[in-house]
Amino acid sequence: MNRTTLSLIAAVTALAAVTGVASLTEGSSDDTAPAAKTATRLPVERSALVCPTPTSSDVATTTYTAFTPKVTGAQGAKKGTAALLPAQGSEDDGAQKDTQKDQKAQKGQAGTASKPVVSLKEPGKPVTAETDRSDAPALIGTADGPLAPGWTVQQTTTVAAGSGRGLLGTTCTAPDTDFWFPGTSTAKDRQDYVHLTNPDDNAAEVDLKLYGPNGRLKPSAEEEITVPGRSTVPVLLSTLTDVEALDATLRVSARSGRVGAAVQAVDQELGSDWLPASAEPSDSVVLPGIPADATSVRLVVFAPGSDDADLKVRLAGRSSSITPAGQESLHVKSGMTAWADLADVTKGEAGSLVLTPEGGEGRAAPVVAALRVTRGKGSSQETAFIPATTSIERTGTAADNRAKGSTLSLVAPNASAKVRVTASAGSGGGSPVSKTYDIKGGTTQAVEPPRPSSGRGGYALTVERISGGPVYASRMLALPQGGIPMFTIQPLPDDRGTVAVPAARQDLSLLNDGGQ
């Protein structure tokens, strides 16, 4: 994603930042970079998140879990606020007939003052809220002061029956201007909706483009979507084209304003879940946390640049990295979506997929990627998605962990690394508990994470990289129901809870350059 960049408008020592302001220094972990030599890392002072409309089912329950880890330097006399409010014009499935009706319905609704759905009071202690409303709205919120650094909200919905049956989990996202969603579909047995939520007062203009195995899918409807201020618009992807594509890639680009974007994928036979956006295009990507009991794994890759990509495929398992039999490499043509059926690639041992440029004379080309993972057999199957994610440079958090059902996957694709995993206090009390893990290079550790001491309710897991090479992580939450192995997987990218602030002279030069 192309993080929204904000100008620094105050003194260096009083940085006020939306989550995306980290893009001023993000993208380079090289400690020898000139800016890093004189920069001071400070906690961000403002974060923004949006959560999509959870469901229109009458047999669903949604849980929101909000959490901010304790961050050194963010505490003090100043109190912060963190709250999520309903978006205007959040609608149920009845308004999701087609793109044009969606837009008209959203534009015609007026917003009214609303009470927060979930509010966080202090760092280190999660807060939960629950609803069984079929018309539960999309949410828009901000956190500031000591509640801003690493503010995380998890939205988890259990749909007991129907075509949308399943456990749908998503980490509420920061608003942005560019998203890639490999793994979408316009096939008859899939109903994929992209939910666009605008957190700002002014309308956002958004372009939607779909790419299949032969390139751009010919549009059959308007691809330019207007998202009114502080509103949400759901768009059924199959209404954008008459072409049926089992595997497609969606690009969401905001021409004006910014939005939060998430894809809700509903399969008539295999359940449903949220498909998060892939990490920004890169020539090497990591997709962490394939369950040990996965019965089917499908890799979808898109090359957005002008060059084809030739990728080496590796599975980082418990003790080493291997090349899946018959899937040693993947060729992805420029502007096209490619796929590979990896079947039961993990064979009883949890792992992570690592894609790197294949050796040879060809140039490395950036890609975006995602996995569709299936557990179970026959009529008792369930799916979830794992997008390519970024490494944890400092900390990453997964909220909404239960007494049972959480599996944390940690992968060090290159050099070995050491991490500390902390289970927060529960929403009903208790004390945090930490545990340290050593991850051998080229391997994945799938562990049952620590739980809070003497606590009740949901809790958060925070992964802190202590030393060594890059670390990638994901959390699987499994809540089986009626013989169906319902599960959802969320990646843990770096939470960007701190930002490197340049010295005053360099900061002024940023201001003069418009913050670019």
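A disulfide is a pair of cysteine sulfur atoms within 2.5 Å. The model is predicted: local features need pLDDT of at least 70, side-chain atom pairs count only at pLDDT 80 or more, and totals for chains, interfaces and linings use all residues. Residues are numbered from 1 along each chain as its sequence is written, and side-chain values use heavy atoms, with hydrogens and water left out.

**Exercise 1.** Find which cysteines form a disulfide, and describe the bond.

Step 1. Searching the whole structure gives 1 disulfide.

Step 2. The partners are Cys51 and Cys172, with sulfur atoms 2.0 Å apart. They join distant parts of the chain, 121 residues apart: Cys51 is in strand 2 (residues 46-51), and Cys172 is in the loop between strand 9 (166-171) and strand 10 (178-184). Strands (E, at least two residues) are DSSP runs, numbered from the N terminus.

Step 3. The S-S torsion of Cys51 and Cys172 is about 110°, so the disulfide is right-handed.

Step 4. Buried means under 20% relative accessible area, exposed over 50%, partly exposed in between (1.4 Å probe, protein chains only). Cys51, at 0%, is buried, and Cys172, at 5%, is buried too.

**Exercise 2.** Determine which residue forms a salt bridge with Arg318, and what the pair ties together.

Step 1. A salt bridge is a side-chain nitrogen of Lys or Arg within 4 Å of a carboxyl oxygen of Asp or Glu. The structure holds 18 of these salt bridges.

Step 2. The partner of Arg318 is Glu349, the closest N and O atoms being 3.4 Å apart. Glu349 lies in the loop between strands 24 and 25 and Arg318 in the loop between strands 21 and 22, so the pair ties together parts 31 residues apart in sequence.

Step 3. Glu349 is partly exposed at 27%, whereas Arg318 is exposed at 61%.

Key:
Helix = DSSP H or I, 4+ residues; strand = E, 2+ residues; numbered from the N terminus.
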